[in-house]
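Trainee: I would like to learn how to read a structure like this one. Please take me through it feature by feature.

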Amino acid sequence: MEIQTSTENFKDADVQALAVAVFKDEKADAGVLQELDAATGGLVKSVIESGELKGKEGETLYVHLGAGGGLKAQRLLLVGAGERDAYKLAQLAQTAGTAARALRARNVKSVGLILRATNGDDERAASAAVEGALMGLFEPDKYRTIEKEERQIERLLLIAPNADDAALKRGAERGHITGESVNFTRDLANEPGAYMTPTIMAERAREIAEQFGLEFHVLEREQMEQEGMGALLSVARGSDEPPKLIVLKYTPEGAGQEENAPAGDGKGELLTFVGKGITFDTGGISIKPSENMELMKYDMTGGATVMGVMRAVAQLKPPIPILGVVPSTENMPSGKATKPGDVVRAMNGKTIEVINTDAEGRLILADAVCYAKKLGATRVVDMATLTGAVSIALGDVNVAILGTDQTLIDEVIAAGRDVGEKFWQLPLDKEYTRQIKSDIADIKNVGGRKAGTITAAAFIKEFADGLSWAHLDIAGTAWGDEAKPFRAKGPTGIAVRTLLRLIERTVASAAK
Ligand code: BES
Ligand code: MN
Ligand code: ZN
């Protein structure tokens, strides 16, 4: 899809359809809606007055205007946008997604999206609009041969009269990179286990490293053994697919690329993302019930999120280095598989009694966090589809965030607020660690029925000492069980945009 910007009046926009947000209870008696109303012979007012469109989020109303009217575009889509006061970048992105989906469904090829209520920040509004449109158009149907979505919007024109066109263009470019990277993550998450093995995941990481310019290396089983990654290896034991520990690194140009240079940004900081890459989670010997097990193909979404972020970082080129680490393996039962009761030793020497082989995510993250530290990580955000319990606590609305550095946690939450992704902090008091004390080893990998999301985080905390660390449990939010007007059912790409925003906020606060 080609993306263009315009600061001219929308009447002259050379597109098949115009799309515009309509706020709740808004009358077409001022501004853009009044102009549109005048150009369409009173259509907008009549639609609103008749009660056909109330301006609720997700509503749409589509009309053909025909030639010879006051608009060059011959079709108009009004999109309900909710309360005007609540209309932030998140709502703008959703409006764009709803518009793109609705117009593609009507076989429209070129769309003019009128940007409203940008609060003076044309750049971020343009970015949000393009992200929203690209995310809206993502369709997880690559394996369909019938009823596949073949229609395509070829051109998206962002229209913001009197805006700063250079800002619009910068925003559109950022939005293009971000939106495509979110969809890259969603595409990986959607792949069946057979087509997204650890080997294939590593191959996809190599491809983005080569295409966009990132350092890349993979630890094979032998190197994991040398590093003492007994926790990660214990999860991989039952699988015929070799495990991979994928590392992607971005270094800004001109900064410390020489050998022996510090790993970080010169101030010693190295912001690092670690993501769970279980390409299929059967539960292992503690096997899961068969109902809904097919969904466990998405248990590598944390890893896919890290890869999506790194893919975008390579193109957005922030002035600080960023590290990405993705431990990847299947979790399978077999004659070789780890048994409940086995004791394994993680890279930092801690011994773990594996009570339940289905609590595998924390095991692979333990070694990955240790390895990230070895690579110089100082601020670590890990992300994982880690616990079913998080869906019980927070549903599909909020990502759970926990950690040891309140400043980092607050920054992630604020970055999420900037882009419209919600995070809710759960406590991580040291009392919870008592639940993971083992009778025979240092710790055990499950903490009982109580506070499942917290005890999972308390486990990872055992490997995060010396780090500024935050943990995201995305098990409830990474998959949408139903379609929304602004996006298809399936992988959501949650947290990619937040983490990209976190990087921007980190850069901005360092400049102060
Ligand atoms: N990948 C699952 C968590 C999960 C469950 C994600 C449902 C999405 C939907 C994880 O590996 C797991 O199995 N967790 C167990 C932990 C338990 C054994 C302590 C769980 O949540 O049941
Ligand atoms: Mn599991
Ligand atoms: Zn899992």
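Trainee: At what angle do the axes of H4 and helix H5 cross?
Mentor: Helices (H or I, at least four residues) are DSSP runs, numbered from the N terminus. Axes are lines fitted to C-alpha atoms over the stretch in contact, and angles run from 0 to 180 degrees between N-to-C directions. In this predicted model, the axes of H4 and H5 (residues 165–190) cross at roughly 30 degrees and come within 7 Å.

Trainee: Which hand does the crossing of H4 and H5 have?
Mentor: A crossing is right-handed if the near helix is turned clockwise from the far one by less than a right angle, and left-handed if anticlockwise. H4 passes H5 in a right-handed crossing. The contact of H4 with H5 has eight nonpolar, seven polar and seven charged residues. Ala, Val, Leu, Ile, Met, Phe, Trp, Tyr, Cys and Pro count as nonpolar, Asp, Glu, Lys and Arg as charged, and the others, Gly among them, as polar.

Trainee: How do H3 and H4 pack?
Mentor: Helix H3 (residues 89–104) packs on helix H4 (residues 122–137) at about 40 degrees, with axes 7 Å apart. That makes H3 oblique to H4, because angles under 35 degrees count as roughly parallel, over 145 as roughly antiparallel, 65 to 115 as roughly perpendicular and the rest as oblique. The crossing of H3 and H4 is right-handed.

Trainee: Which polar side chains lie by an oxygen atom of ligand 1?
Mentor: A polar contact is a pair of N or O atoms within 3.5 Å. A polar side-chain atom of Glu360 lies 2.8 Å from an oxygen atom of ligand 1, and one of Lys276 lies 3.2 Å from an oxygen atom of ligand 1.

Trainee: How are residues and local features counted?
Mentor: Residues are numbered from 1 along each chain as written, and chains are lettered from A and ligands numbered from 1 in written order. Local features need pLDDT of at least 70, side-chain atom pairs count only at pLDDT 80 or more, and totals for chains, interfaces and linings use all residues, while side-chain values use heavy atoms, without hydrogens and water.

Note on methods
Polar contact = N/O pair within 3.5 Å; in protein donor to acceptor, adjacent residues only side chain to side chain. Helix = DSSP H or I, 4+ residues; strand = E, 2+ residues; numbered from the N terminus.
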